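Please study the sequence and the structure before working through each solution.

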Amino acid sequence: MRCAVISKDFDGQIASTGYCVLRPQEGEIFVQSDLAGSLQYMVDQERAAGGDRANGLRAAYDAFYRGDIAKKICDYHRAKGGFMRESDLDGYRVRFEAPLRVSYAGYDVYGCGAWCQGISLAQAFALLREVELDGLEHNSPAYIHRLTEAFKLVFADREEYVADPAFVDVPVAGMLDEDYLQARAALIDDARAWPEMPPPGDPLSGEARTAASMEHSTELMPGGDVHATKPQEHRASQSPLGGPPGSTDTSYVCVVDAAGNMFSATPSDPSSDSEVIPGTGLCPSSRGSQSRGISTSINKVEPGKRPRLTPNPALALKDGKPFMTWGTPGGDVQVQAMVQVFLNATRFGMDMQDAVSAPRFASYSFPSSFAPNDYFPGLLMMENRIDKSVAEDLNGRGHKVDWWPEMTWKAGGVCAIRVDGKAKQAGADPRRAAYAMGK
């Protein structure tokens, strides 16, 4: 954690541009007194407001977004050449947005809207209705190939159409339309993988988007047909996906209570790549890195515009009753991991822990959601518990298979609860720090 004041209570301090890096030692108590003060200030304002609960919450809200905390935040940004101002905080409002719902194999899956990957999770399930999976063995070459090609189609549409719905008219209905998805699914060739991200479809017209419907340069698609590619606003990267772990800022939590109420949330914001604002204990969010610094991008930076985020918790009902709540950290892997776990539990009949622990795979054949938006055409990562003969088959279809180690954190950290009447099954991912508990 970076801070503005060096404390003699910690060893290993590193001076850098007027700041320090605090490195608490094992066994030490890490006290965040400024953060405690900010929280206490909001509590005090709530109590002082009197009246009902709503009045108190409004007072606590004003204390943060309009009071002393807001002033400290904006003074800091001004001093550092940042753009945050009091009017930005004062104008912020929490929004209630209805979830997206899509049916798959007798289940109703609910997720977040198009300001994040919720639409991509919904589209993945809707597209899989049109992709034949019956009779395919778990993690067989044909199974991995069809799922991977479906994910590529989903992420191609995400890249073209998904951004903050307050600024962009995201064609949600068209992206989930059955006829449109049938046309998209027809682009999947069992013999050959897309060598890169496929072209996006056209949800407004329902066209799958081939050379006949796009006015761009053309090239061969799998199977020898011609497709068109939009001029890319991202760069293909040849660098390996190894190296040290990235930020593990994202968490996931799900709960099912005795009455059957389900809760699913993916809280996420880092402190490791941000600075602590003096006197507050608070870190400015770095989620702006999920906006694009390209004026022609649908996710270009604009005042008040939300970045297209990756967290997308989900719930599922069966026959109108609670069935499953699940989600994961993992950036662009989230949708892919969540779909695999759901299919493990429903299609392959695994118990919840086995469904979570089973080996996974993930495509990187699309631009990353995070700056600098690296893009690895054709790359398919698989955990090394998957048989090597599967990789040989997939490479023969045009995938570029590379191996993750066993139980890698990069494959996500799915936690899930399945409800079967009064009985509940939970699974916690051994790939990251996670646990399941009940009472």
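**Exercise 1.** Within what distance do the axes of α5 and helix α9 (residues 333-346) come, and at roughly what angle do they cross?

*Solution.* The model is predicted: local features need pLDDT of at least 70, side-chain atom pairs count only at pLDDT 80 or more, and totals for chains, interfaces and linings use all residues. Residues are numbered from 1 along each chain as its sequence is written, and side-chain values use heavy atoms, with hydrogens and water left out.

Step 1. Two packed helices are described by the angle between their axes and the distance between the axes. Helices (H or I, at least four residues) and strands (E, at least two) are DSSP runs, numbered from the N terminus. Axes are lines fitted to C-alpha atoms, for helices over the stretch in contact, and angles run from 0 to 180 degrees between N-to-C directions.

Step 2. The axes of α5 and α9 come within 10 Å, and they cross at roughly 45 degrees. The two helices are therefore oblique to each other; angles under 35 degrees count as roughly parallel, over 145 as roughly antiparallel, 65 to 115 as roughly perpendicular and the rest as oblique.

Step 3. The crossing of α5 and α9 is right-handed (the near helix is turned clockwise from the far one by less than a right angle).

Step 4. In this contact (heavy atoms within 4.5 Å), α5 supplies Ser120, Leu121, Ala124, Phe125 and Leu128, while α9 supplies Val335, Met338, Val339, Phe342 and Leu343. By class there are 9 nonpolar, 1 polar and no charged residues. Here Ala, Val, Leu, Ile, Met, Phe, Trp, Tyr, Cys and Pro count as nonpolar, Asp, Glu, Lys and Arg as charged, and the others, Gly among them, as polar.

**Exercise 2.** Describe the crossing of α5 with α6 and identify the residues that meet there.

*Solution.* Step 1. Helix α5 (residues 118-128) and helix α6 (residues 141-161) have axes that come within 10 Å and cross at roughly 135 degrees. That makes α5 oblique to α6.

Step 1. α5 passes α6 in a right-handed crossing.

Step 2. From α5, Ser120, Gln123, Ala124, Leu127 and Leu128 meet Leu147, Ala150, Phe151, Leu153, Val154, Asp157 and Arg158 of α6. These residues divide into 8 nonpolar, 2 polar and 2 charged.

**Exercise 3.** Which residues make the contact of α6 with α11?

*Solution.* Step 1. The axes of α6 and helix α11 (residues 388-396) come within 9 Å and cross at roughly 50 degrees. α6 and α11 are therefore oblique to each other.

Step 1. Pro141, Ile144 and His145 of α6 make the contact with Val390, Asp393 and Leu394 of α11. The residues divide into 4 nonpolar, 1 polar and 1 charged.

**Exercise 4.** Which residues touch the most other members of the largest nonpolar core?

*Solution.* Step 1. A nonpolar core is a set of buried Ala, Val, Leu, Ile, Met, Phe, Trp, Tyr and Cys residues joined through side-chain atoms within 4.5 Å. Buried means under 20% relative accessible area, exposed over 50%, partly exposed in between (1.4 Å probe, protein chains only).

Step 1. Among the 80 residues of the largest core, Trp326, Phe342 and Met382 touch the most other members. The largest share of this core, 11 residues, comes from α6.

Step 2. Trp326 lies in strand β11 (residues 321-327). Trp326 is buried, with a relative accessible area of 0%.
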